[in-house]
Amino acid sequence: MLRRKTPFERYFHTLTLLLRDRIGFMAQIAENQNVAGKISALMVTGSVLFGIYGAIVGSFSGWPQAISSAVKLPILYLLTLLICFPTLYFFNILFGSRKSLIQHFGILISAVAAIGVLLFSFAPISLFFLVTTRNYSFFLLLNVAIMALTGIVGVKFLYDGMQMMSEQDDLNGYANRKYLLQAWLALYAFVGSQLGWTLRPFFGAPGEPFQLFRQLEGNFYQSVFNALLNLIAN
């Protein structure tokens, strides 16, 4: 007698389908096939993968920061999506899209889950440097680079999925939706970096006590630039 899969096993099976056949998975969403089930599965599995990576980067400053980062990193990616999602959906509708709200959200959560998988694939590398070096600036810049790279791949994933869905809609508004999507992706990146700065720390800082959140000062880009200067100086 075959053992029934647990809900978690079914969720990861959905994630595996996304990775093995990205085009087919996106096409199913565009055709409105079990979109709600796909969304719930990808939200759960993606959050787990983000949480694992967040725990690793936070471990540089001890276990309280590791727990905090494991919780805050999934929140960062999902909250960025929720903040930016209405803009994309309503402007797409305005320019002729006939896809539903849940189909739009399904494409977006698929891209976010793909980023989670990519971050998880880099987790052993991040863990290796966590163990072998205590240079805070290097570790911070390494993981910022990893997040930037995985974010770029995720954005490409999202762009392809939205293009596929948009091609099935009103062709008269296709060009407008294409330019809108490109502008929205820039907005998404800006909101994500600012929200990440608001929710910091994710790495902690040497010699400072654990903080769940820090005061709003400076900005993300200034912090990365300062870390780069510190790395060069050392």
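User: Before anything else, what does contact mean here?
Analyst: Contact means heavy atoms within 4.5 Å.

User: And what kind of model is this?
Analyst: This is a predicted model, where local features need pLDDT of at least 70, side-chain atom pairs count only at pLDDT 80 or more, and totals for chains, interfaces and linings use all residues. Residues are numbered from 1 along each chain as its sequence is written, and side-chain values use heavy atoms, with hydrogens and water left out.

User: Where does His104 sit? Buried or exposed?
Analyst: His104 is in helix 5. His104 counts as buried, at 0% relative accessibility. Buried means under 20% relative accessible area, exposed means over 50%, and partly exposed is in between, using a 1.4 Å probe and protein chains only.

User: Zoom out. How many helices and strands are there?
Analyst: The protein chain has eight helices and zero strands. Along the sequence the pattern reads α-α-α-α-α-α-α-α. The radius of gyration is 19 Å, close to the 17 Å that the globule rule gives for 234 residues, so the chain is as compact as a globular protein of that length.

User: How are those terms defined?
Analyst: Helices (H or I, at least four residues) and strands (E, at least two) are DSSP runs, numbered from the N terminus. The radius of gyration is taken over C-alpha atoms, and the globule rule is 2.2 Å times the number of residues to the power 0.38.

User: What does the C-alpha trace span?
Analyst: About 55 × 55 × 25 Å along the principal axes.

User: How much of the chain is buried?
Analyst: Of the 234 residues, 46% count as buried.

User: What share of contacts links residues 24 or more positions apart?
Analyst: Such pairs account for 74% of the contacts with a separation of 6 or more.

User: Switching to helix 2. Which residues are buried there?
Analyst: In helix 2 (residues 22-30), Phe25, Met26, Ile29 and Ala30 are buried. They cover an arc of only 145° around the axis, which puts them on the same side of helix 2. That arc is the one of the directions from the helix axis to the C-beta atoms.

User: Why do residues three or four places apart point the same way?
Analyst: An α-helix has 3.6 residues a turn, so residues at that spacing point the same way.

User: What covers the buried residues of helix 2?
Analyst: The cover includes helix 1 (7-20), helix 3 (35-58), helix 5 (101-132) and helix 6 (136-167).

User: And Gln28, how exposed is it?
Analyst: Gln28, also placed in helix 2, is partly exposed, with a relative accessible area of 31%. Setting aside neighbours within four places in sequence, Gln28 is in contact with Gln33 and Lys38. Gln28 and Lys38 are 10 residues apart in sequence and 9.8 Å apart in space, C-alpha to C-alpha.

User: What follows helix 2?
Analyst: Asn32 follows, and its phi is positive, near 65°. Asn32 is not a glycine. Asn32 lies in the loop between helix 2 and helix 3 and is partly exposed at 46% relative accessibility.

User: What about Asn34?
Analyst: Asn34 also has a positive phi, near 50°, and is a residue other than glycine. Its place is in the loop between helix 2 and helix 3. At 55% relative accessibility, Asn34 counts as exposed.

User: Back to helix 5. What does Ser126 touch?
Analyst: Ser126 is in helix 5 and counts as buried at 0% relative accessibility. Not counting residues up to four places away in sequence, Ser126 touches Tyr53, Ile56, Val57, Phe139 and Asn143.

User: Now Leu181. Where is that?
Analyst: Leu181 is in helix 7 (residues 174-199). Leu181 is buried, with a relative accessible area of 2%. Beyond residues up to four places away in sequence, Leu181 touches Leu88, Tyr159, Met162 and Gln163.

User: Last one. Which residues does the cis peptide bond join?
Analyst: The cis bond joins Arg200 and Pro201, with omega about 5°. Pro201 is in the loop between helix 7 and helix 8 (220-233).
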